Amino acid sequence: MDPMSIGLFAVVGVLGLIMLRVPIAVALIFVSFVGIWAIVGERPAMSMLSTVPYNFAASWTLSSVPMFLLMGYVAYHSGLTRGMFEGARAWLGWMPGGLAIASLAGAGGFAAVTGSSIACSAAIGRIAVPEMHRMGYDIRIATGSVAAGGTIGALIPPSILLILFGIQAEVSITKLFMGGLVVGLISLGLYIAAVLVSYVLAPERLPRAAASNWDERIAGVKEVWPVMVMIAIVFGGLFSGLFTATEAGAVGAVISILIGVARRTLSWKLFMESCVDTLLSSGSLFMIAIGANLFTRLVALSGLSRWIGTGIESLGLGVLGILILITLIYLALGMFLEPIGAMLLTLPLFLPLIKAHGVDVIWFGILLAKLLEIGMITPPVGLNVFVIHSVAKDLVKLEQIFAGILPFLLADLLLVVGMLATHAFF
């Protein structure tokens, strides 16, 4: 069998194993090893299996992942992020749809600590959804806003998705974070606009809450200021060039520990839970990334990426047409695969094509993060939607959450169109 056919069978094999619920890391590593063996023989395959995991895991840049994860888990377990929604509600609750807007703002703040969409949705959902239900909010908008707000975690630093993209694409993590912050804030603004439009169309679905007094607002500031200071130090140092990504994560982890100890909310037991969660999450991410690295070698050996590039070129689409095609592919993949797996599975196929056409890789990475996070709220496998349903299943049906997602999904698609249009004209 020729290498090209082996490459095609490998892609089909990985997708088939994933559909059979084989873990993505196992599917990538197994198929890559067998494919490399079939193309170049047993010895090179065994050599790659022994050297690639070490060389990849020993990457200095990759060490930023456990650092940022530890920062997020310590902040979560010590309750530093618990007041995000309450603080936002004290200042924004008076607005039309104020509680939904507060949940979005809280999700944005939480995202700047955790970098995880699922963790963001779960934490804010436990607090915000019951409160909005108590206030008489339409449960569809209440749950939809929290599920959509969680997707900001993939864009606002420290985004684990952007870190892994930067490592795979060999581009600056700091530049990805800066671009992700801008697009993340634009996403947040569009989500808030979606809430305001929903209020204008049906005010009874989003009853206005009474404005908080100054004592409540000051209490809200006291609740969130330690986290805000931590975020300012970490990302101020990162964006100014004072810290590398790894150093920023380490500084953030130390600050979160010190704040938790100073507030007496971080016990030894909670610290150990944070460390265990960090190790489990890091190990899982590293295994997927190692599998993706092996898969990249297989794709290169088979010539599959060149074949795909030639095939797309023959369509005569132009750069914008290629970007639209890739956008549609990722939107479809996002409906069935979780973001990190979908990204690492497909980057070996599309990244050479993107680079060959002179597309800015930083811009593409941010667009990719946005596209994959849209998949977190689209049926049938919108993970954020299932997370919200798990924390509020007594209040809402799954189909109601998907219905509530619609205004925010339209806002996301508007942003994607804007990004594509911006690239086309500039």
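**Reading aromatic pairs and overall form**

Colleague: How many aromatic pairs does the count come to?

Modeller: Rings of Phe, Tyr and Trp (its six-membered ring) pair if their centres lie within 6.5 Å, with planes under 30 degrees apart counted as stacked, over 60 as edge-to-face and the rest as tilted; by this rule the count comes to 9 aromatic pairs. In one of them, the ring centres of Phe 165 and Phe 364 are 6.4 Å apart and the planes lie at 55°, so the pair is tilted. This pair links distant parts of the chain, since Phe 165 belongs to helix 9 (residues 160–169) and Phe 364 to helix 17 (residues 361–374), 199 residues apart. This is a predicted model, in which local features need pLDDT of at least 70 and side-chain atom pairs count only at pLDDT 80 or more, while totals for chains, interfaces and linings use all residues. Residues are numbered from 1 along each chain as its sequence is written, and side-chain values use heavy atoms, with hydrogens and water left out.

Colleague: Are Phe 165 and Phe 364 buried or exposed?

Modeller: Buried means under 20% relative accessible area, exposed over 50% and partly exposed in between, with a 1.4 Å probe and protein chains only; Phe 165 and Phe 364 are both buried, and buried residues make up 55% of the 426 residues in the protein.

Colleague: How many helices and strands are there in the protein?

Modeller: Helices (H or I, at least four residues) and strands (E, at least two) are DSSP runs, numbered from the N terminus, and the protein has 19 helices and 0 strands.
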